[in-house]
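Subject: Structure handover

Hi,

Here is the structure for you to look at. My notes on charged pairs and surface follow below it.

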Amino acid sequence: MVVDGASTDGTVDIIKSFASQLSGIAADSHLSGKCMKWRTEADAGLYHAMNKGLAMATGDVVGFLNSDDTFHDNRVLTRIAEAFEKGAVDCVFGNLVYVSHRNPQNIVRKWTGSPYRKGAFLKGWHPAHPTFYARTRLYERMGGFDTTFNISADFELMLRFFTQGNINSAYIPHTLVDMRTGGMSTRSLSNIIEGNRNVLRAFKKNGLKVSVLYPFRRLLPKAWDIIKNRF
């Protein structure tokens, strides 16, 4: 499914061109067919749009592919499906690469994940949200994105799922998504600062005490990743 925020840059025409290739698709932004759902209308921001997508979802598993991001290869969805089939898994996640906004072939930074361990969030660990796929029933039980977080609502959601939901997760040791730089949380210094404030607020909301120095523990591994990929 596609959720579009009333774009005027030709996005809707692209959606329609793909929709017409699938059977059972209604040629209207508010109608859906058997194979695809899509909607284009103004929204109140990224996480409001994601919540609309959740409300439209009918499958057993939900994941998000943001604007300008792409799957790393044609095995991504197969790997995700296989991970869910292996056992009682509530969510899966994997690795991610940041690529240049102007040249997607240029890798700027690699995000290598690891399996979840209790207390890991307090040590700076968290999954790369673009690689995060969860069962629909988990959203039904734990709720969607908290739109009071204009930045980092994805972090709060994953923190809530892992620390409050007693869930089973699986780490996929492969790169799943190519993410272009310049996204909302890293677009400017002010956004980075606001994002880290929201992360601290996410801990407080979920009843977890964390040091005010936590943002440094979170950012240092990212800085190290950047250094490793430049030398």
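Glu 82 and Arg 75 form a salt bridge, with their closest N and O atoms 3.8 Å apart. Glu 82 is partly exposed, at 35% relative accessibility. Arg 75 is partly exposed too, with a relative accessible area of 36%. Please note that this is a predicted model.

The structure holds six salt bridges. Here are the others I looked at.

Asp 90 pairs with Arg 137, and the closest N and O atoms are 3.9 Å apart. Asp 90 is buried at 13% relative accessibility, because the cut-off for buried is under 20%. Arg 137 counts as exposed at 52%.

Asp 73 and Arg 79 also meet through their side chains, in a salt bridge of 3.5 Å, N to O. Asp 73 is partly exposed, with a relative accessible area of 29%. Arg 79 is buried, at 18%.

Salt bridges link Asp 146, Glu 156, Arg 160 and Lys 205.

Now the nonpolar side. Leu 65, Phe 71 and Leu 77 make a nonpolar surface patch of about 250 Å². Of these residues, Leu 77 is placed in helix α3 (residues 76–85).

Best wishes

Notes
Residues are numbered from 1 along each chain as its sequence is written. This is a predicted model: local features need pLDDT of at least 70, side-chain atom pairs count only at pLDDT 80 or more; totals for chains, interfaces and linings use all residues. Side-chain values use heavy atoms; hydrogens and water are left out. Patches are made of residues with over 30% relative accessible area and no salt bridge: like charges are joined within 9 Å, nonpolar side chains (Val, Leu, Ile, Met, Phe, Trp, Tyr) within 5 Å. Accessible areas come from the Shrake-Rupley method with a 1.4 Å probe; for residues, only the protein chains shown count as cover. A salt bridge is a side-chain nitrogen of Lys or Arg within 4 Å of a carboxyl oxygen of Asp or Glu. Helices (H or I, at least four residues) and strands (E, at least two) are DSSP runs, numbered from the N terminus. Buried means under 20% relative accessible area, exposed over 50%, partly exposed in between (1.4 Å probe, protein chains only).
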